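Biologist: I would like to learn how to read charged pairs and a ligand site in a model. Please show me the structure, and then take the features one by one.

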Amino acid sequence: MERPLTQHITFPPLEIRQYEAIGGYQAVRKAVRHMQPQEVTALVKESNMKGRGGAGFSTGMKWSFVPMDVPGPKYLVANADEMEPGTFKDRWLLEGNPHQLLEGMIVAAYAIQATEAFVFLRWAYKDAAIAVRKAIAEAYDAGYLGKDILGTGYSLEMHLHTGVGRYMCGEETALLNSLEGKRATPRAKPPFPQVSGLFGKPTIVNNVETLSFIPHIVNKGADWFKSLSRTADGGTKIYGVSGRVNKPGAWELPMGITMRELMEDYAGGMKNGFGFRGVLPGGASTDFLIEKHMDITLDFAGVAAAGSRLGTGTMVVLDDQTCPVGFVHNLEHFFAQESCGFCTPCREGLPWTEKLLWAIEQGRGRNEDLELLLRHTEWLGPGNTFCALAPGAMEPLQSALKYFRDDFERHIREHRCPYHDPVPAAPASAHLHHTHHL
Amino acid sequence: MLSMTEKEKIEEEIRQVPIKKAACIEALKIVQEHRRWVSDESIRDVADILDMSAEEVDSVATFYNLIFRQPVGRHIILLCDSISCYVMGLKGIHAELTRLLEIQYGQTTADGRFTLLPNPCLGTCDHAPAMMVDKDTYRDLQPSALADILEKYT
Ligand SMILES: Cc1cc2nc3c(=O)[nH]c(=O)nc-3n(C[C@H](O)[C@H](O)[C@H](O)COP(=O)(O)O)c2cc1C
Ligand code: SF4
Ligand code: FES
């Protein structure tokens with residue numbers, strides 16, 4: 001089985017000479033010397049690579065929206081904010097092979113003729129910051145970055161930006177506001193960032209996993225990329241599993257393996273004494289899947305057909321000794337806290353959802369609360385809020401109400417959590433960024 | 001008042017961006033690196049150097065979880081309170097940490113050594129529960145391991 005993305009991951013990661021020795025930066029040489037920018041975009045489009053950041057949008061298509069004839073700066077951003085709870089794939093790529101990401105970024109930047117590139121990295125990834133900073137310096141020294149790259153006349157400056165912590169920084173238009181030094185609130189679309197992004201200039205934002213794959217597509221071609229996958233969505237995918245399984249971890253596997261293979265062959269099944277109740281297939285903002293979905297294929301279409309989203313491909317397992325109400329309360333606490341407050345349904349609705357769930361979890365819930373929670377999943381659903389945070393927050397809630405309704409009802413009937421003592425969420429006063437006296 | 005070093009570093013950031021305001025987050029990070037937190041006075045100083053109003057700078061500062069607008073201790077503990085850690089034993093880790101430190105989330109120990117904060121997913125969910133102390137990440141935590149970890153930070 002080929003594992004192009006992860007086969008050269010080491011800790012500490014390869015230095016530039018070692019990376020070059022295993023064929024590193026060949027894709028940069030090939031692209032900037034022998035391909036037209038539009039040819040690179042066409043190749044990526046042909047490969048049918050779909051973005052690994054969660055939404056699954058065609059990467060080549062996205063690049064092709066960049067107007068190539070406008071003068072002035074253009075930007076490329078690697079989205080390395082990775083704050084989706086339960087997600088731990090980009091960290092692996094960043095810490096384990098930063099040159100692969102940089103190489104993908106240089107090729108992507110060349111394809112859209114970007115003049116500057118940014119790695120937008122979350123604050124908590126301290127080891128990744130060290131690895132990426134070192135790799136950027138090495139790439140400059142070797143002539144892959146800076147002025148007149150490899151004597152071709154193409155120039156690119158690259159910067160590492162470390163964030164100051166907010167889930168919304170991962171949303172691509174909010175990320176751009178944050179890079180401009182502002183609050184990370186999203187922007188209205190259109191105009192799309194491809195046309196008017198960072199500082200009003202054409203900008204492409206791609207996920208770390210997406211960009212890390214680009215060198216391999218350039219080196220080996222679109223057909224090879226498609227052949228890695230078992231389904232129409234090409235490539236390999238980093239899948240991960242956390243929770244009470246025997247071998248939590250992340251693995252690069254052919255796109256489209258089944259849930260059962262992932263859970264049993266890789267994650268090693270449930271820990272002794274624990275049963276499987278459900279799983280969030282792609283991070284906190286995806287709908288639960290349950291036992292009956294074990295044989296679905298884990299590609300974009302397969303997970304969508306089962307009523308959820310592939311999302312980040314890193315899964316969180318709900319076991320039979322963890323309270324589903326408490327589980328969802330933990331998620332909604334996160335979303336309520338991280339809501340940027342820009343639009344009313346999300347700003348007001350998420351804290352309300354959190355309170356209702358906490359009341360139920362503590363045995364203070366009323367039957368009407370279930371109806372109220374259901375209404376929220378509509379009020380905060382797609383089309384009613386300014387960005388995808390709120391609809392994402394509703395996905396685990398709506399599916400929990402569907403699959404674990406008995407558990408919600410039992411809490412209300414018995415006036416207690418039948419599983420364990422409720423685990424309170426941190427109060428607002430725990431966050432020291434709130435207080436101001438000006 | 002900003003120190004000379006802080007000023008120079010902020011000026012350097014201003015040179016990197018097309019408009020002064022765009023250096024706002026970097027400026028706040030620089031101040032926090034030097035003073036551990038960002039006081040009202042610092043907000044005004046940053047506003048002056050960036051030609052912004054203090055309110056505008058504060059609206060940015062208070063938006064981000066890790067810009068501290070209150071004094072903090074010498075070491076910051078970020079305990080992951082997200083879902084995989086919740087499943088894998090956050091409760092026991094939280095109980096033992098608050099017992100050892102004798103503080104709650106958002107508080108600083110009387111000796112000024114530690115501040116304890118909750119933090120969303122640290123991206124190491126396959127090794128939950130997890131926490132960070134300053135730059136260091138601790139994985140697969142057991143309550144019994146916490147005392148030794150805290151010992152390392154003086
Ligand atoms: C609230 C929110 C948070 C997001 N966080 C991330 C993130 O941390 N990393 C990421 O790559 N995409 C994130 N996204 C998706 C991005 O908006 C964007 O779709 C993605 O970076 C595009 O990359 P791709 O085309 O390579 O998938 C987030 C979206 C939302 C709505
Ligand atoms: S949905 Fe939530 S996070 Fe998105 S813009 Fe509205 S308030 Fe902000
Ligand atoms: S949920 Fe704690 S590290 Fe991801």
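Modeller: A salt bridge is a side-chain nitrogen of Lys or Arg within 4 Å of a carboxyl oxygen of Asp or Glu. In this predicted model, A:Glu348 makes one with A:Arg347, their closest N and O atoms being 3.4 Å apart.

Biologist: Are A:Glu348 and A:Arg347 buried or exposed, or in between?

Modeller: Buried means under 20% relative accessible area, exposed over 50%, and partly exposed in between, with a 1.4 Å probe and protein chains only. A:Glu348 has 47% and therefore counts as partly exposed; A:Arg347, with 35%, is partly exposed too. Elsewhere, salt bridges with shared partners link A:Lys89, A:Asp90, A:Glu209 and A:Lys237 into one network.

Biologist: How many salt bridges are there over all chains?

Modeller: The count is 33. One of them joins the side chains of A:Glu180 and A:Lys182, with 3.0 Å from N to O. A:Glu180 is buried at 7%, whereas A:Lys182 is partly exposed at 39%.

Biologist: Where in chain A do A:Arg91 and A:Glu95 lie?

Modeller: Helices (H or I, at least four residues) and strands (E, at least two) are DSSP runs, numbered from the N terminus. Both residues belong to helix α5 (residues 90-96), four residues apart, or about one turn of the helix. A:Arg91 is buried at 4%, and A:Glu95 is buried at 12%.

Biologist: Which residues are closest to ligand 1?

Modeller: A residue is near a molecule if one of its heavy atoms lies within 4 Å of it. The ligand is surrounded by 17 residues, the closest being A:Gly53, A:Lys62, A:Asn79, A:Asn207 and A:Thr210. Strand β4 (residues 203-207) of chain A gives the most to this shell, three residues.

Biologist: Which atoms of ligand 1 lie 3.0 Å from A:Lys62 and from A:Glu172?

Modeller: In each case the ligand supplies an oxygen atom: one is 3.0 Å from a side-chain N or O atom of A:Lys62, and one is 3.0 Å from a polar backbone atom of A:Glu172. A nitrogen atom of ligand 1 lies 3.2 Å from a backbone N or O atom of A:Gly170.

Biologist: What conventions stand behind these values?

Modeller: Residues are numbered from 1 along each chain as its sequence is written, chains are lettered from A and ligands numbered from 1 in the order written, and side-chain values use heavy atoms, leaving out hydrogens and water. Local features need pLDDT of at least 70 and side-chain atom pairs count only at pLDDT 80 or more, while totals for chains, interfaces and linings use all residues.

Conventions:
A polar contact is a pair of N or O atoms within 3.5 Å; within protein, one must be able to donate a hydrogen and the other to accept it, and residues adjacent in sequence count only if both atoms are side-chain atoms.
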